[in-house]
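Hi,

Here is the structure I promised to pass on. Have a look at it first, and then read my notes below.

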Amino acid sequence: MNTARFFGDTAVLTGRSLRHIGRSPDTIITTAITPVAMMLLFVYVFGGAIDTGSHESYVSYQLPGILLITIASGVAYTAYRLFQDKNGGMFDRFQSMPIARSAVLWGHVLTSLVANMISLVVVVLVALLMGFRTGAGVLDWLAVTGIIVLFTLALTWLAVIPGLTAGTVEGASAFSYPLIFLPFLSSAFVPTETMPGPVRAFAEHQPVTSIVDSIRAIFAGQELGNELWVALAWCIGLLVVAYVLATGAYRRKFA
Amino acid sequence: MNPTPAIQVAGLTKSYGDVHVLRGVDLSVEKGSIFALLGSNGAGKTTTVKILTTLLTADDGSARVNGFDVRTQPHDVRSSISLTGQFAAVDEILTGRENLVLVARLLRQPNPGAIADELLERFSLTEAGGRRVATYSGGMRRRIDIAMSLIGSPSVIFLDEPTTGLDPEARIEVWQAVRDLAAGGTTVLLTTQYLEEAEQLADRIGILHEGRVIAEGTLADLKAMFPPAKQEYVEKQPSLEEIFLAITKTSAVTVKESR
C-alpha cells in the first residue's frame, strides 16, 4: 500500500468525522455526563461509607475508574458512526474509490481518540472542582495519557467490530454496556480485599484493576510495581486482538 | 462498433449458499453509451453493479471495466469508475458543498473548492450548497449524489436505481443529469425497475431475469423480438412493459420445461 496515500486519505476522512463531532457536540457532552454523575454519586453518596484504607481523598481514589468508564461509553459512538456509514452507503462509495482501504476505519478510530480525550478533560476538570489533587508532574501526566490512549485505541478497535457486523443500530452500541460495568468489578471504587473469593479473583485478574491501580499510583506519586506492566500488557494485548478481529471483519464485509 | 467496450462481462455467477443470484451474466457496453439493466427486485441488478464496482467478488466468470479486470486490477477499476448506489450515499451531517469537497480531496483533485462550486452550479444547488444534506429533498439528495460521482471525470459511471423512491419531478431532474453525462462522453450503466426509465434514457437495454441477461438490444431490437401480435387490428405498438412481461414469462416457462 502506498503510505503517503494512506496518511492523506486518513487525514481527509478523520477531518470528515471530526466535523460530525463539531456539528453534534452533544456526543461529547453525553459521553462526559454519565461518568460525572457517577462520580458525584460515588463521592458524595457512597464515598463516606467506603474505607479505601488509603490516605488520599475518595475523589482521587475513584477518578481512574471513572476515566475508564468515560472511555467505555465514548467508544459506543464509534460503533454508531461506523454503522451509519455502512448502512447509509458511504462505505460503498468510499470502497468504490481509489483510496487506501484501511483509511476508512482509521478515520473513525482517530476521531474516537480525539473525542474521548475531550470528554476525559471535562471529567478531570470536574474532579478538580470536587477536590481531586495530585502531585503528578509533566512526565507523570504523560504516562497517564499514554495508558489512557492505549486503552482508548484498544476499546475503539473493539467498537469497530459491532459497528461493522451489527444488524441494528441498537445492537451496534449495546456492546459497550458490559464494558461500562467492568470497572465496578475491579479495584476502581472499593478495594478488592473486601470482595468474596470468586468475585475478588475475577476483579484482580481483569484489565481494569491493573490499569486503575497504575493510574492511581502515578497520581499519588507512589512507586509503580508490577501493575504497570500488567496494565500495558492488557492494553496492548486487547489492542492487537481487537485490531485483528476488526480488520478481519472489515475484509470479510468489504473484500 | 467500438473494438474495446467500456464494460465487458462474461459468464458472471454469484451465489449466497443455495441462492443463485447470478447464473451467468453476459453483457457488453459500448464506450459513451447509456446502458440500462432492467429487472424486477431480486433479479440480480445490484449484485451485478457491486461486482463491477469491486465491492463484491464474483464466484466465476470475468468482468472488465475500462479494460481492467475487476478481480485482478481492482485499483485501476476504481480509478476509472464512480458508483452512485441504490440509496443516496451522501453524508447528511455535512453540507452539500462539503460532500463534494470531501470526494474531490479523496480523489486528489487540485482545487477541490472550485470543483465543488462548479458542480453545485451545474446541478442547480448553489443556494442549497451551504445547507446540511439532511435538509435536502429526495431529488436534491440524488443530484448531489450524482454530482459527487462526476468528480475526477470517471470514464464509467454506475447508477444503481437512481430514481427509486423519487417523485416524478425529481425523476425528471435525475434523467436530465444522466443525459448530460452521456452527452459529455461518459459511459453510463444504470439499473432500473422502471420500464419507462430505460425507454427514456438508454441506448441499449439488457433485461436481467433470474440471474441472466435474457434479452439485450436497442429498444427497436427488443420490439422486433416481440412476437408479432395476432390481432393486427390493434394499431398500438407494444410498449416496453409488454415486451418485458412477455419475455420474462416465456423464459420462466422454458426454465420449468427444462427441469
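What follows is a short tour of chain A and then of chain B.

Please keep in mind that this is a predicted model.

Let's start with chain A. Its unreviewed UniProt entry annotates residues 28-50, 62-83, 104-129, 141-160, 172-190 and 228-250 as "transmembrane region". I looked at two of these spans in the model. Residues 141-160 of chain A are 100% helix, and their end C-alpha atoms lie 28 Å apart. For residues 28-50 of chain A, the end C-alpha atoms are 30 Å apart, with 83% of the span helix and 0% strand.

Next, a helix pair. In chain A, α6 (residues 103-129) packs against α7 (residues 138-165) at an angle of about 130 degrees, and the two axes are 10 Å apart. The angle is why α6(A) counts as oblique to α7(A). The crossing of these two helices is right-handed. Residues of α6(A) in this contact include A:L105, A:S112 and A:N116, while α7(A) contributes, among others, A:I148, A:T152 and A:W157. By class, nine residues in the contact are nonpolar, four are polar and none is charged.

Now to chain B, where four strands form an open sheet in the order β2-β1-β4-β5, with antiparallel pairing. Helix α1 (residues 45-52) of chain B lies across β1, β2 and β4 of chain B, at about 115 degrees to β1(B).

Happy browsing!

Key
Residues are numbered from 1 along each chain as its sequence is written. Chains are lettered from A and ligands numbered from 1 in the order in which they are written. This is a predicted model: local features need pLDDT of at least 70, side-chain atom pairs count only at pLDDT 80 or more; totals for chains, interfaces and linings use all residues. UniProt positions are given in the numbering used here, feature names are shortened, and annotations may be inferred rather than shown by experiment. Two strands pair if DSSP finds at least two bridges between them. Two residues are in contact if their C-beta atoms, placed from the backbone, lie within 7 Å. Axes are lines fitted to C-alpha atoms, for helices over the stretch in contact, and angles run from 0 to 180 degrees between N-to-C directions. Angles under 35 degrees count as roughly parallel, over 145 as roughly antiparallel, 65 to 115 as roughly perpendicular and the rest as oblique. A crossing is left-handed if the near helix is turned anticlockwise from the far one by less than a right angle, and right-handed if clockwise. Ala, Val, Leu, Ile, Met, Phe, Trp, Tyr, Cys and Pro count as nonpolar, Asp, Glu, Lys and Arg as charged, and the others, Gly among them, as polar.
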